[in-house]
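Subject: Structure handover

Hello,

Here is the structure for you to look through. Please open it first, then read my notes below.

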Amino acid sequence: MDTNAQTLSTPASGRVTSIDFFRGFTMFLLAGEATELYGQLEKSHNGIIHFIGTELSHHEWHGLHFWDLIQPFFMFIVGVAILLR
């Protein structure tokens, strides 16, 4: 039996913590949108909290906001996870 073939076919022996964190962070952002948390932040009279709510809310196109990066984040995580298998 060839040892190189055996080494290549065995799965990774651990998880990459940074990828797990990034995946969890992305899922947290998606859960915040699903619970309408960001809409509540937009209603705040505090300037910083209102800005965060605006950046994280889904809206019509008025330029790039942080929320527009969530789907590309998710696709990046999927691509990296496939490579790590």
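Which side chain makes a polar contact with the side chain of His65? The partner is the side chain of Glu55, at 3.2 Å. A polar contact is a pair of N or O atoms within 3.5 Å; within protein, one must be able to donate a hydrogen and the other to accept it, and residues adjacent in sequence count only if both atoms are side-chain atoms.

Some ground rules. This is a predicted model, where local features need pLDDT of at least 70, side-chain atom pairs count only at pLDDT 80 or more, and totals for chains, interfaces and linings use all residues. Residues are numbered from 1 along each chain as its sequence is written, and side-chain values use heavy atoms, with hydrogens and water left out.

The overall picture

The protein has five helices and zero strands. Helices (H or I, at least four residues) and strands (E, at least two) are DSSP runs, numbered from the N terminus. Of the 85 residues, 18% are buried. Buried means under 20% relative accessible area, exposed over 50%, and partly exposed in between (1.4 Å probe, protein chains only).

Glu55 and His65

Glu55 sits in helix α4, residues 47-56. His65 belongs to the loop between α4 and α5 (70-84). His65 is buried, at 15% relative accessible area. Glu55 is buried too, yet has no salt bridge. A salt bridge is a side-chain nitrogen of Lys or Arg within 4 Å of a carboxyl oxygen of Asp or Glu. The nearest side chain of opposite charge is Lys43, 19 Å away. For charge, Lys and Arg count as positive and Asp and Glu as negative; His and the chain ends are not counted.

Glu55 also has a backbone partner. A polar atom of its side chain lies 3.1 Å from the backbone nitrogen of Phe66. Not counting residues up to four places away in sequence, Glu55 touches His65, Phe66 and Trp67. Touching, or contact, means heavy atoms within 4.5 Å. With neighbours within four places left aside, His65 is in contact with Thr54, Glu55 and His59.

Helix α4

Which residues of α4 are buried? They are Gly53, Glu55 and Leu56. Seen down the axis of α4, they fall within an arc of 165 degrees, so they line one face of the helix. The arc is that of the directions from the helix axis to the C-beta atoms. These buried residues pack against α2 (17-34) and α3 (37-42). Gly47 and Phe51 are exposed, on the other side of α4. At the start of α4, a side-chain oxygen of Asn46 comes within 3.0 Å of the backbone nitrogen of Ile48.

The salt bridge

The salt bridge count is one. The side chains of Arg23 and Asp20 form it, at 3.2 Å from N to O. Both residues are in helix α2, three residues apart, so about one helical turn separates them. Arg23 is partly exposed, at 28% relative accessible area. Asp20 is partly exposed as well, at 26%.

Most residues other than glycine have a negative phi. Glu36 is not a glycine, but has a positive phi of about 60 degrees. Look for Glu36 in the loop between α2 and α3. Glu36 is exposed, at 58% relative accessibility.

Best wishes
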